[in-house]
Amino acid sequence: MTPSADALNAAADALRAAGVEDPRLDAEVLLAAATGEGRAALVAGTEIEPAASRRFGEMVRRRLRREPVAYIVGSKGFRGIELAVDPQVLIPRPETELLVELAVERGPATVLDVGTGSGAIALAVADELPGCEVTATDTSPSALGVARVNAERLGLGERVRFLPGTLPAEEDFELVLANLPYVAETEWSSLQPEVTRWEPRQALLAGPDGLDAIRALLEECGRHFDRYANPMTTALALEVGAGQAPAVATLMEEAGWLAIEVRRDLAGIERVVVGER
């Protein structure tokens, strides 16, 4: 049997040489997944069974190819829930939790999550706002499949309605949340291999300036509101990329949204643009 300290050190060295950003942390997470042991116990020192050692070796080889840890272990934490993820969906990011925080702060009766992917936003809102009716949409059938599996695993299958498309016809919502593609085509080559080689390109790229998907949603929202003589007041919150907030705020104003507000993430980046209509 192999001592866990030796396995961790060897894996961390190999990952560091491959240019992985957090080699020691990744090695600990992978070894914990391979053995079923907690990270603290592994760091303190324990013996690894041969079968677990082989699993760990294969996981490290996948990470050396720059496959994201979340895809290797098959899950990612988001707020207070654990989500199954695979290359059909984006890996949830901490900055996206801002959209959930906004929902919890407002406490709406109805929420729509556009472009739900793994279901992270919709399921976190349903988990934290038990009285809220949550609908989630996506144009990718495979992503909706992952989101539905997550809903059932979390016991939220009856709480969230999943639909294909973007805006459900003949329905209004108090709050619309959207983490749409916002990477500009010119930025693609500068992204980490974990993103460009493994995550779904269609869920990331959005035209020359990264705003095509947001423009399309604002246009659809305009057509949606024009159908009703007296639509309810709706708030729209959009996650945006670094430096995009001023342009998105302008687009929202031009589309008729009012009381525009910009919120920063923990890194100080203007990350969410909110408007009302």
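Colleague: What percentage of the contacts in the protein between residues at least 6 apart in sequence join residues at least 24 apart?

Modeller: In this predicted model, 65% of those contacts join residues at least 24 apart.

Colleague: What are the helix and strand counts, and what share of the residues is buried?

Modeller: There are 11 helices and 11 strands. Buried residues account for 47% of the 277, where buried means under 20% relative accessible area. The accessible surface comes to about 12700 Å², with 51% of it belonging to carbon and sulfur atoms.

Colleague: Why is Val-29 called partly exposed?

Modeller: Its relative accessibility is 25%. Buried requires a value under 20% and exposed a value over 50%, with partly exposed in between. Val-29 therefore counts as partly exposed. Val-29 is found in helix α2, residues 23-35. Val-29 and Val-69 are 40 residues apart in sequence, and their C-alpha atoms are 8.0 Å apart in space.

Colleague: What makes up the largest nonpolar core, and which residues have the most contacts inside it?

Modeller: That core has 32 residues. Leu-123, Val-125, Val-160, Phe-162 and Leu-177 have the most contacts inside it. Helix α7, residues 120-128, gives the most to this core, with seven residues. A second, separate core has 23 residues, including Val-114, Phe-225, Ala-245 and Leu-251. In soluble globular proteins, nonpolar side chains tend to be buried together.

Colleague: Which residues does Val-125 touch, not counting those up to four places away in sequence?

Modeller: Val-125 touches Val-100, Ala-103, Val-111, Cys-132, Val-134 and Leu-177. A contact here needs heavy atoms within 4.5 Å.

Colleague: Which residues of helix α6 are buried, and what covers them?

Modeller: In α6, residues 97-106, the buried residues include Leu-98, Leu-99, Val-100, Leu-102 and Ala-103. Among the elements that cover the buried residues of α6 are helix α7 and the strands β3 (75-78), β8 (175-178), β9 (235-239), β10 (258-264) and β11 (270-276). Gly-107 follows α6, and its phi is positive, near 60°.

Colleague: How many positive and negative charges does the protein have, and how far apart are their mean positions?

Modeller: The protein has 27 positive and 44 negative charges, and their mean positions are 5 Å apart.

Terms used
Residues are numbered from 1 along each chain as its sequence is written. This is a predicted model: local features need pLDDT of at least 70, side-chain atom pairs count only at pLDDT 80 or more; totals for chains, interfaces and linings use all residues. Side-chain values use heavy atoms; hydrogens and water are left out. Helices (H or I, at least four residues) and strands (E, at least two) are DSSP runs, numbered from the N terminus. Buried means under 20% relative accessible area, exposed over 50%, partly exposed in between (1.4 Å probe, protein chains only). Accessible areas come from the Shrake-Rupley method with a 1.4 Å probe; for residues, only the protein chains shown count as cover. Lys and Arg count as positive and Asp and Glu as negative; His and the chain ends are not counted. The place of a charge is taken as NZ of Lys, CZ of Arg, CG of Asp or CD of Glu. A nonpolar core is a set of buried Ala, Val, Leu, Ile, Met, Phe, Trp, Tyr and Cys residues joined through side-chain atoms within 4.5 Å.
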